[in-house]
Amino acid sequence: MKSMMKKAMALMLALLMVAGLAACGSDAGEASKAPEGSNAVESTSGGENTTPGSSDEEVTLKWAVWDINLTTYYQPLIDAYVADHPNVKIEMVDLGSSDYQNALITQLTGDADLDVVCVKDIPGYANLVKGGYLSDLSGEGIDAALYGGTIEQITVDGKYYALPFRSDHWVVYYNKDLFDAAGVEYPTNDMTIAQYDELARKVTSGTGADKVYGSHFHTWRSAPSLFAVLDGKNTVVDGSYDFMKSTYEWVLAEQNDGICQDYGTLKATSTHYSGVFFNNQVAMMNMGSWFIPTQIEKVKSGESLATNWGIVKYPHPDGVAAGTTLGTITSVAVNAASEKQAAALDFVKFVGGEAGAEIIAKTGTFPAIKSDAVLDELAKMDGFPTDEASKEALSTTQVYLEMPMHDKAADIEGVLNEAHDGIMTGAMTIDEGIQKMNDEVSALLG
């Protein structure tokens, strides 16, 4: 009798286990379905699934982004990933661009089940790390050397929590026709700042409406002042800014000598940097690589008269390697609260890796990794200058972030911008402006 009871109990337990497994399988399948009307895209991740050991179960990853309809590289990245991972679905969640970082934190602190997130800027990254919203990527076998020094600059206490996938850096645009007319040799990919200034003075000519300016500094603080951080010894969040004095002296000397346009006039008239380059008013202009696709497009449409143009690497201080420049990054990260860590990490490594970089480059956008294959893709853009120097200028040696990692970056930026405006308009002397920076940023740092 006891033997029969044991057998019956064992049978009941087996039936209950089978039912439980069936229910779990059903729940997982339902959870992975994308809602109707979403822009989810199917893909598979092989072994990167929510259930360990399963290779055929569907996984849905929700990816927080901005401006889906205006961004050319999201869908190609998804399509390529899907092709190799037919069991993974990628569902983009558009949080808009105007207040993206605040919207993202609201989502992450609420009930949203985001798995992968785009990180728009360094202040936003600092807040996400401080809040513990991002998974640590530093032990995941990523080759930090591929990213031109930017990984090290977003490392906090030996760890980093995002992978750069976009990175624009500053170069020098120049008008070949204006150099030819002046009988001056073109700028090169290895110029010191002093050589850049000398070249700008040589190519400056004319007066009034026919004036050609040798150089151009846009009204952003970064355009002139960040030449001061290219030696890697200082940053704009240190709290002491005496090191900027020689840079401001150089830029104001060019302004006073008519080598570049007047800052106050540019600001009062809201003159855009693109206009002065399009209209053959400046021979050289330091600006970010983001302007390349715009210049190409405007030459084709006839809006840019600077049809014979090229780019070279940023000028550098004495003793600093050519190819040292400034840049900005956009990153991708894994939500620390995601229940799909392995699958999310796999997608993040793809987007921020070499394969993702080549896909991004094909859309005319500058990825964070500048491998030979990526540089070839960028140089293939229809309308990109055909000279070798321009292609070479796409590569970098060291990229310093315009605004380094700091939890008070936004407040520091406000102080620096105000002092910069005072210096450039003559409302403050250089010494007065730098003293304002020193006093007010030191107070912020406490």
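Strand E3, which spans residues 88–94, is mostly covered, with five of its seven residues buried. The model described here is predicted. The protein chain contains 18 helices and nine strands, and buried residues make up 50% of its 446 residues. Among the contacts in the protein chain with a separation of 6 or more, 73% are accounted for by residues 24 or more positions apart.

**Strands E2 and E3**

- Strand E3 runs parallel to strand E2, and seven bridges join the two.
- Within this pairing, Ala64 stands opposite Val93 in E3.
- The chain passes from E2 through H2 to E3, and this β-α-β crossover is right-handed.

**Aromatic pairs and a charge over a ring**

- The count of aromatic pairs comes to 27.
- One of the pairs is formed by Trp63 and Tyr74, whose ring centres are 5.5 Å apart. Their planes stand at 75 degrees, and an angle over 60 degrees counts as edge-to-face, so this pair is edge-to-face.
- Trp63 belongs to strand E2 (residues 59–65) and Tyr74 to helix H2 (residues 74–84), so that the pair links distant parts of the chain, 11 residues apart.
- Both Trp63 and Tyr74 are buried.
- Another pair is formed by Tyr173 and Phe277, with ring centres 6.2 Å apart and planes at 70 degrees, so this pair is edge-to-face as well.
- Tyr173 lies in strand E5 (residues 163–175) and Phe277 in helix H11 (residues 273–278), and the two residues are 104 residues apart.
- Tyr173 counts as buried because its relative accessibility is 0%, and the cut-off for buried is under 20%.
- Phe277 also counts as buried, because its relative accessibility is 0%.
- Trp66 is involved in another kind of arrangement: the charged end of Lys120 sits over the ring of Trp66, 5.0 Å from its centre.

- Strand E5 runs antiparallel to strand E7, and five bridges join them.
- In this pairing, Tyr173 stands opposite Ile311 in E7.
- Strand E7 (residues 309–313) is mostly covered, with five of its five residues buried.
- Strand E5 is also joined to strand E6 by five bridges, and these two strands run antiparallel.
- Here Tyr174 stands opposite Met284 in E6.
- Strand E6 is largely enclosed by the rest of the structure, because five of its five residues are buried.
- Both faces of E6 are covered: Met284, Asn286 and Gly288 are buried on one side, and Met285 and Met287 are buried on the other.

- Ala283 is located in the loop between H11 and strand E6 (284–288).
- With a relative accessible area of 0%, Ala283 is buried.
- The C-alpha atoms of Ala283 and Asp177 are separated by 8.6 Å, although these residues are 106 residues apart along the chain.
- Leaving aside neighbours within four places in sequence, the contacts of Ala283 include Tyr173, Tyr174 and Asn175. Leu178, Phe179, Val203, Val212, Tyr213 and Gly214 are also among the residues in contact with Ala283.

**Helix H9**

- Helix H9 (residues 245–256) has 12 residues. From its first C-alpha to its last, H9 reaches 16 Å, which is close to the 16 Å expected at 1.5 Å a residue.
- The buried residues in H9 are Thr247, Tyr248, Trp250, Val251, Leu252, Glu254 and Gln255.
- An α-helix has 3.6 residues a turn, so residues three or four places apart point the same way.
- The buried residues of H9 are covered by elements including helix H7 (193–203), helix H8 (222–225) and helix H10 (263–268). Helix H17 (409–425) and helix H18 (430–445) are also among the elements that cover them.
- Just after H9, Gly258 takes a positive phi of about 75 degrees.

**Thr150, in helix H5**

- Thr150 is found in helix H5 (residues 150–153).
- Thr150 counts as buried because its relative accessibility is 2%.
- Not counting residues up to four places away in sequence, Thr150 touches Pro164, Ile329, Val399 and Leu401.

Terms used
Residues are numbered from 1 along each chain as its sequence is written. This is a predicted model: local features need pLDDT of at least 70, side-chain atom pairs count only at pLDDT 80 or more; totals for chains, interfaces and linings use all residues. Side-chain values use heavy atoms; hydrogens and water are left out. Rings of Phe, Tyr and Trp (its six-membered ring) pair if their centres lie within 6.5 Å; planes under 30 degrees apart count as stacked, over 60 as edge-to-face and the rest as tilted. Helices (H or I, at least four residues) and strands (E, at least two) are DSSP runs, numbered from the N terminus. Buried means under 20% relative accessible area, exposed over 50%, partly exposed in between (1.4 Å probe, protein chains only). A charge sits over a ring if NZ of Lys or CZ of Arg is within 6 Å of the ring centre and within 35 degrees of the ring normal. Two strands pair if DSSP finds at least two bridges between them. A crossover is right-handed if, with the strands pointing away from the viewer, the path from the first strand over the helix to the second runs clockwise. The expected span of a helix is 1.5 Å times one less than its number of residues. Contact means heavy atoms within 4.5 Å.
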